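Visitor: Hi! Could you walk me through the aromatic rings in this one?
Guide: Happy to, let's take a look together.

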Amino acid sequence: MSSTASQPATHAQTGPEAAAWAERLRVANINPRTGLATDYLNHFNEAVMLLEMVPDMPECAEDFLTWTPLSYAEHFTASNFKARDLAIEAYEKADPNVRAQFDHITDTMTSILSAVGSAMREVDKDQTRVRLAEQASLWVRPLIATCGGIINGGAEADIDTIMAN
């Protein structure tokens with residue numbers, strides 16, 4: 001991540017304005033350094049949880065198939081997150097480099113989950129759905145953790161290493 005990731009997501013603000021903005025974000029459970037909220041990861045955790053249930057209960061594949069991809073803004077617009085408008089505003093003001101890394105990984109997760117959903121719709125055998133669910137979980141779970149690191153201002157993710165596994 002760039003060195004700007006450790007600074008508050010304030011871009012146009014300085015001094016007391018920046019401090020007040022950072023405090024608003026902190027109180028709302030939005031990382032003031034990145035302008036991102038971990039609540040968005042619940043969207044992906046829900047999908048993975050459903051996939052992880054498929055091996056023991058193959059009928060849960062049908063529940064997974066109701067999962068719908070949502071962008072960051074769509075997730076917060078549809079959520080009960082008390083500071084959802086602030087979360088969307090902070091995302092829009094976030095450092096473009098941090099947001100690009102974050103969006104790249106969330107787009108990758110969305111692509112994986114959407115492709116698995118399409119594949120599950122095409123197959124009839126529960127065992128095939130189980131294998132798809134198991135593989136997708138193995139791919140997406142570390143990406144969720146990487147997104148958590150980006151949200152929390154952690155070190156730059158080594159996406160090539162993650163994607164190679």
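Visitor: Where do Tyr 72 and Phe 76 lie?
Guide: This is a predicted model. In it, Tyr 72 and Phe 76 both belong to helix 4, which covers residues 72-78. They are four residues apart, about one turn of the helix.

Visitor: Is Tyr 72 buried or exposed?
Guide: Tyr 72 is buried, because its relative accessibility is 3% and buried means under 20%.

Visitor: And Phe 76, buried or exposed?
Guide: Phe 76 is buried too, with a relative accessible area of 0%.

Visitor: Which kind of pair do the rings of Phe 76 and Phe 81 make?
Guide: Their planes stand at 70°, so the pair is edge-to-face, and the ring centres are 5.1 Å apart. Phe 81 is buried as well, at 14% relative accessible area.

Visitor: OK, zooming out: how many aromatic pairs are there?
Guide: The count is eight aromatic pairs. One of them joins Tyr 72 and Phe 76, and that pair is tilted, with 4.8 Å centre to centre and 55° between the planes.

Visitor: Which residues form the aromatic cluster?
Guide: One cluster is made of Tyr 40, Phe 44, Trp 67, Tyr 72, Phe 76, Phe 81, Tyr 91 and Phe 102.

Visitor: New topic, charges! What sits over the ring of Tyr 91?
Guide: That would be the charged end of Arg 99, 5.5 Å from the ring centre.

Visitor: And what sits over the ring of Trp 21?
Guide: There you'll find the charged end of Lys 93, at 4.3 Å from the centre of the ring.

Key:
Residues numbered from 1 in each chain as written. Predicted model: local features only at pLDDT ≥ 70, side-chain atom pairs only at ≥ 80, totals over all residues. Heavy atoms only, no water. Phe/Tyr/Trp six-rings, centres within 6.5 Å; stacked < 30°, edge-to-face > 60°. Helix = DSSP H or I, 4+ residues; strand = E, 2+ residues; numbered from the N terminus. Buried < 20%, exposed > 50% of the residue type's maximum accessible area, 1.4 Å probe, protein only. Lys NZ or Arg CZ within 6 Å of the ring centre and 35° of its normal.
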